Amino acid sequence: MAPSPARLLIFLLPTPNLTPPPPVRRPRRAWAGTARCAAPEAAASGGFVVIEDDLSELLQILPRDLRDNLQNEPRRDQLLEVILDLGRRPEARFLGNSGGQYLRDSEISQLELEEAQRAVGEFGGDNRAGIEGTLHRISAIRSRKGLVVGLTCRVGRAVNGHVDMVRDLLNYKESILFLGRPGVGKTTVMREIARVLADEFQKRVVIVDTSNEIGGDGDIPHAAIGGARRMQVPEPSMQHRVMIEAVENHMPEVVIVDEIGTEAEAQACRSIAERGVMLIGTAHGERLANIIKNPVLSDLIGGVETVTLGDEEARARRTQKSILERKAPPTFPFLIEMRERHYWVTHRTERSVDMLLHGKKPLVEVRKRDNEFQVIIERWATYDGDGL
């Protein structure tokens with residue numbers, strides 16, 4: 001069957017009958033005052049986001065009645081994922097809703113799961129698969145015997161506009177680490193940053209794409225990554241090796257890696273950063289404190305060690321004799337907590353880690369969008385996250 005053409009969805013946001021203000025020219029040094037930056041799309045035509053979702057390709061693997069149901073669903077543009085579990089009713093989940101919506105009253109049969117599995121093809125060692133030429137991800141749940149008893153069919157979308165939240169930080173050519181809960185849009189941001197750095201900043205960008213989530217399934221990467229190159233990873237456990245291979249063999253100026261989760265990957269990140277290569281990555285965790293407390297990933301923010309102070313120094317600091325200190329420069333000078341899709345908290349990693357270890361609240365940048373889709377940057381805001 002010939003692939004269906006991609007769907008372009010344009011969401012218009014209300015704007016006042018006023019001419020948008022011109023973008024503020026930022027100083028070279030960050031973290032001073034408050035700035036407002038207009039997304040190029042917003043400045044040009046009143047604020048919109050362009051989304052390419054290839055949704056029809058994902059619906060093709062579903063049973064026919066579910067496919068027809070979702071084709072007629074008014075909220076299909078907000079469809080997040082479809083859940084197919086053996087012996088349970090199929091469920092659709094939508095952006096912005098905590099619960100799901102049942103698509104029919106009868107349960108999913110073993111035959112329907114097998115047909116969906118044949119349509120998808122072979123799953124990798126991480127029980128993930130994709131649809132060639134798209135950004136969709138299908139994940140399998142297996143029984144103890146290895147049989148597929150559940151599928152999570154997640155919609156992948158190419159979104160233009162998110163990069164405006166961090167466009168000024170990209171000019172510093174320093175590494176950035178993104179944190180956030182699953183589904184908040186970290187991979188979507190990685191994808192657009194790859195395109196912007198390759199096409200607009202004219203950088204040599206290599207994506208280490210472990211599950212083909214950033215560049216899509218198939219040997220030809222999705223157009224959403226622009227001119228960035230993509231290296232696929234045979235097995236998730238080999239991600240750190242491919243990261244080093246990318247630097248040694250292909251001379252990138254920027255390496256992009258999703259889901260840093262092991263000590264070997266954290267060490268690979270440090271090795272890459274020490275060679276002067278810019279890193280853009282994501283890690284498991286929602287807040288900076290999660291990374292500080294994680295012994296596997298704490299090296300990303302410089303690592304933590306226990307230091308014993310002398311009596312006089314402890315009295316001068318008014319602290320206990322044994323305290324926690326950062327032991328090395330952070331691999332990622334910038335760290336961003338993605339609280340929501342349009343609400344981010346930006347840290348200068350070194351300063352924030354030191355203050356949290358000393359029991360103080362660091363000063364951060366809060367980046368969010370207003371009703372006109374402009375990016376508002378509130379500088380020198382007191383951090384509202386948990387301490388240590």
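Guide: Let's start with Arg-75, which is partly exposed because its relative accessibility is 29%; buried means under 20% relative accessible area, exposed over 50%, and partly exposed in between, with a 1.4 Å probe and protein chains only. Before going on, please keep in mind that this is a predicted model, where local features need pLDDT of at least 70 and side-chain atom pairs count only at pLDDT 80 or more, while totals for chains, interfaces and linings use all residues. Residues are numbered from 1 along each chain as its sequence is written, and side-chain values use heavy atoms, leaving out hydrogens and water.

The partner of Arg-75 is Glu-73, and their side chains form a salt bridge at 3.4 Å, N to O. The term stands for a side-chain nitrogen of Lys or Arg within 4 Å of a carboxyl oxygen of Asp or Glu. In general, side chains of opposite charge can pair when their charged atoms come close. Glu-73 has a relative accessibility of 11%, so it counts as buried.

Another pair is Glu-81 with Arg-93, whose closest N and O atoms are 3.1 Å apart. Glu-81 is buried at 9% relative accessibility, and Arg-93 is partly exposed at 32%.

E4 and E5 both belong to an open, antiparallel sheet of six strands, in the order E6-E5-E4-E9-E8-E7. Its edges are E6 (100–102) and E7 (128–130), each pairing on one side only; two strands pair if DSSP finds at least two bridges between them.

Now for Glu-337 and Arg-287, whose side chains meet in a salt bridge at 4.0 Å, N to O. Glu-337 is in strand E18, while Arg-287 is in the loop between strand E15 (278–283) and helix H9 (288–293), so the pair ties together parts 50 residues apart in sequence. Glu-337 is buried, with a relative accessible area of 0%, and Arg-287 is partly exposed at 28%.

E18 runs parallel to strand E11 (residues 176–179), to which four bridges join it; here Leu-335 is the bridge partner of Leu-177. Phe-334 stands opposite Arg-348 in E19, and a hairpin with two residues between the strands is formed by E18 and E19.

Finally, some charged residues join up beyond simple pairs: Asp-164, Arg-167, Glu-192, Arg-195 and Glu-200 are linked in a network of salt bridges. The count of salt bridges comes to 27.
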